[in-house]
Amino acid sequence: MRRIAVLMATMTLLGGVPVAALAAGSASGVCTQPRLLVLSAFPAEMGKIMKATKLDNIEPIRSAPPASKEFWTGTLETKLVILALSGIGPVNATDTTTAAFTVFNCISGVVFSGVAGAGVDHGAGGGPRQSRIGDVTVPDRWTMDGGATWPTADPRMLTTAAAVAGSVSLQNTTPVGDRACACVDAGTVPGVIFPYTPTVLLHGDGSTTDPFGGHAAPCLQHGGDLAGCEPCPAALGTSPDPQRFLSGMEGVADPGFFTGLISQGSGSGHEFIEFDEETGAAAAVANSKGVPFIGFRAISDGTADPLMLPGFPSQFFVYTQLAADNAAAMTFAFVNAWS
C-alpha cells in the first residue's frame, strides 16, 4: 500500500479549502505539430518539470466534464509538450491518458515521470539488483495483473534513455519540498545526504498495483503537492474548477476510497525493480494507440536509508522530492535527446 495514508491525511486537513465560483475556459486540443505527453501522478512529481517548461498559458485545457482532466501545453528542452497530472492510481492514469488522446490529435509519444517503491531483480549479469532511494528505474514493461499481461516501453525510447543515462546528474541530498504548493523558495535547509550517488537502472520489470480496488483516487483543486489536482507552479494561477473540487470531496466520501486504504497489491512471486500505481496503466493506453511510451520512476521508499526510517510512509515523506527531482532530471535529458 503506497501513498494512500499520506493522501488521506492531506485531504482531511485540506477539506475546508474554499473554492471561488470560477472555471477556466476550454481550448482546442487540435495541434499543428507533434507533441510529447509528459505525465506525473501528483504535484510534487510534476513541479520541477513544469517550472522548466515555458507554458503557452497558465490556464489549463480541460477535457469534457465531469472528469475535466487538465492539460498544459508548452515547450520543454526545445520540444513541444503537453503536461498533465494523471492522478494517483491506475484508474486515474487510464482515464487521464485516454482523455489526452481524446483532447489532442498530435501526441507523438508519452513519458511518465514519478516516484516508486524499491524492488529487487536480477540484472543482465545475472546477479541480484536492488533499487535504492534516489535511483531512477526505466523498466522494459509493467504488469497490473500479476504477469498475465505486459504493457511495454518503446524500444527506440529505451535506446535513447540508455544513451543519455550516463550524462544525467542525480541528487544524493534531499531538497526542500513545497507541501503547500506555495512556490516559495524556503532557502537552504540541511538535507539528508546518502552515502552513494543514485544511478539510472535500465531494463527489468515494473509492477503497477491498484490499492483502490478499481476506484479512482480523488484529488482536491489547490490541495497541495500531494493531494492537489494541479502542479504547484500552476496552482496559484489557475482558476478553480468548482465541479472538480466537489468531485474530489465526493471521492473522499466514496466507500471505495476507504476500501483502497486497506487494500494490498497481489503478489505473483515475480521479481520487480520498482512498484508504482500508474505507469502500467498509462503504458497500456499508449500501446493501444500505437504511440511510443517510456516511464522513469525514481525510488522514494522501500529500502535502507541513512535515517533508518521504518519504510512507508515515513520514507515517502522525507524522500519524495529527492526521487521526484531525480526522475525529472532523467526526463529532461530524455526529452532533449528524443526526436
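Visitor: What should I know about the model before starting?

Guide: The model is predicted, so local features need pLDDT of at least 70 and side-chain atom pairs count only at pLDDT 80 or more, while totals for chains, interfaces and linings use all residues. Residues are numbered from 1 along each chain as its sequence is written, and side-chain values use heavy atoms, with hydrogens and water left out.

Visitor: How many disulfides does the structure hold?

Guide: A disulfide is a pair of cysteine sulfur atoms within 2.5 Å. The structure holds two. One is formed by Cys31 and Cys106, with sulfur atoms 2.0 Å apart.

Visitor: Which parts does the pair Cys31 and Cys106 tie together?

Guide: Helices (H or I, at least four residues) and strands (E, at least two) are DSSP runs, numbered from the N terminus. Cys31 lies in the loop between helix H1 (4-13) and strand S1 (35-40), and Cys106 in the loop between helix H3 (90-103) and strand S6 (107-122), so the pair ties together parts that are 75 residues apart in sequence. The torsion about the S-S bond of Cys31 and Cys106 is about -40 degrees, so this disulfide is left-handed.

Visitor: Are Cys31 and Cys106 buried or exposed?

Guide: Buried means under 20% relative accessible area, exposed over 50%, and partly exposed in between (1.4 Å probe, protein chains only). Both Cys31 and Cys106 are buried.

Visitor: Is the disulfide of Cys219 and Cys229 left-handed or right-handed?

Guide: Cys219 and Cys229 are joined with an S to S distance of 2.0 Å. The torsion about their S-S bond is about 100 degrees, so the disulfide is right-handed. Cys219 lies in the loop between strand S11 (205-208) and helix H5 (224-227), and Cys229 in the loop between H5 and helix H6 (232-235), so the pair ties together parts that are ten residues apart in sequence. Cys229 is buried, at a relative accessible area of 3%.

Visitor: What does Glu230 touch?

Guide: Contact means heavy atoms within 4.5 Å. Not counting residues up to four places away in sequence, Glu230 touches several residues, including Pro43, Glu70, Trp72, Leu85 and His222. Glu230 lies in the loop between H5 and H6 and is buried, with a relative accessible area of 1%.

Visitor: Which peptide bonds are cis?

Guide: Most residues other than glycine have a negative phi, and most peptide bonds are trans. Here a cis peptide bond joins Pro65 and Pro66, with omega about 5 degrees. Pro66 is in the loop between strand S3 (61-62) and strand S4 (70-76). Another cis bond, also with omega about 5 degrees, joins Phe312 and Pro313. Pro313 is in the loop between strand S13 (293-301) and helix H10 (314-337).

Visitor: At what angle do helix H4 and H10 pack?

Guide: Axes are lines fitted to C-alpha atoms, for helices over the stretch in contact, and angles run from 0 to 180 degrees between N-to-C directions. Helix H4 (residues 155-165) and H10 pack at about 115 degrees, with their axes 9 Å apart. Among the residues that meet are Val164 in H4 and Phe334 in H10.

Visitor: Where do the buried residues of H4 lie?

Guide: An α-helix has 3.6 residues a turn, so residues three or four places apart point the same way. In H4, Met157, Leu158, Thr160, Ala161, Val164 and Ala165 are buried. Seen down the axis of H4, these fall within an arc of 160 degrees (taken from the directions from the helix axis to the C-beta atoms), so they line one face of the helix. The face turned away from the buried side of H4 carries the exposed residues Pro155, Thr159 and Ala163. The buried residues of H4 pack against several elements, including S1, S6, S13 and H10.
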